[in-house]
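Here is a short report for a first look at a structure. It starts with the domains and then turns to helix packing.

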Amino acid sequence: MLVYFVTDEPTKLPAIRAMLEPQHAVVPWLLGGDGTRIRSHGVLMVDVDLRQMPRVDKLRFVLQDLAAIPEKLFVVHNLSRSMVAQAHALGATSIISRPKEAVLKVAEIEAAEAAAADSAAAPALDLDEGVAAFASMFSNVRLGKPVKVADAKRATSKIISRVGKEGLSTWLDEVRRYHEGTFQHCLLVTGIAVGFALDIGFSGADVSRLGLAATLHDIGKARIPLAILDKPGRLDPEEEQIIRRHPEIGYDLLKGVAGITPEILDGVRHHHEYLDGSGYPDGLKAAEISDLVRLLTISDIFAALIESRPYRPPMPRPDAYQILCGMEGKLEGSLVKAFRNVALGPK
Ligand SMILES: [Fe+2]
Ligand SMILES: [Fe+2]
């Protein structure tokens, strides 16, 4: 079995070699190394300090080259909950707490492959179930597989029950600890949209509908290259064009999928439209933009503002709310007003 060992500490390599060779062939893969070698078989073993953002950024690029390798084994020392979530967000299929456990894990993977069983073991651990379902949905789409609506629905219902029980602030604090950009963003938008719907007294069915639209709203970004998606700083015009395709990509991914209603498709395609017609992709005007989309757009902008990104600290919630208030003509004023409680949180 080929084991690609991705590490930020080359000194770890001899121990890994001693453990796995000669039964398996260990191929070292250093962060920041040559990024042109695409690999599609074997096992990927990642032992990188996920608390260090610059290393996580480098790791993302490495993982793009290795995206086609189905088994991704991450070493998360002490199984720290937030780092386990981070590993999942980066595409981990198995998590071990010490490199030593790789011996057994690789043997298991080899046996499973030999038996032609293609069911990868998904570790349950104590990861929030909503986040896990979300991670699985997103990484599947990133790998070119279709959207699993069951995952999206499961993620949404778990987020609804957490926001309902513990309040939005707890959810936001937890999610902002997961560093992976788009992943964090979608979890935030869903929590905020659900918090908004609960706050204005939506029925259970309407909360679920808006929640599912929020869960899926940026699914098209799973098909945008990470180099553009997570680029720190400004995008050039060409990159901007590419990223602006995500609503249509998401729409195409979901069109015709069982369980996806027209209003979900509407939310996915139109969450960047503005009432004054200045949005994209269809330049819709006020009357053409549904209520669900208006709520989703407000939640989306607010989430984008309060996200924590490697290159900038999160904006305080009151400042983000002020920006929404300044978007008169683009967002519906009465909804922005109704959003105040949600935006500013409990006193
Ligand atoms: Fe979007
Ligand atoms: Fe978004």
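## Domain contact

Domain 1 and domain 2 bury about 1300 Å² between them, and carbon and sulfur atoms give 65% of it. Buried area is the accessible area (1.4 Å probe) that two parts lose on being put together, summed over both. Domain 1 covers 2-114 and domain 2 covers 129-344; the bounds come from an automatic or database domain assignment. Their centres, taken over C-alpha atoms, are 31 Å apart. Domain 1 gives 15 residues to the contact and domain 2 gives 16. Contact means heavy atoms within 4.5 Å.

## Basis of the model

This is a predicted model, where local features need pLDDT of at least 70 and side-chain atom pairs need 80 or more, while totals for chains, interfaces and linings use all residues. Residues are numbered from 1 along each chain as its sequence is written, and side-chain values use heavy atoms, leaving out hydrogens and water.

## Helices α14 and α15

Helix α14 spans residues 291-306 and helix α15 spans residues 317-325. Their axes (lines fitted to C-alpha atoms over the stretch in contact, with angles from 0 to 180 degrees between N-to-C directions) come within 9 Å and cross at roughly 135°. Helices here are DSSP runs (H or I, at least four residues), numbered from the N terminus.

From α14, Ile298, Ile301, Phe302, Leu305 and Ile306 take part; they meet Arg317, Ala320, Tyr321, Ile323 and Leu324 of α15.

## Helices α9 and α14

Helix α9 (residues 204-216) also packs with α14: the axes come within 10 Å and cross at roughly 55°. Arg209, Leu210, Ala213 and Ala214 of α9 meet Leu292, Leu295 and Leu296 of α14.

Definitions and conventions
Chains are lettered from A and ligands numbered from 1 in the order in which they are written. Helices (H or I, at least four residues) and strands (E, at least two) are DSSP runs, numbered from the N terminus.
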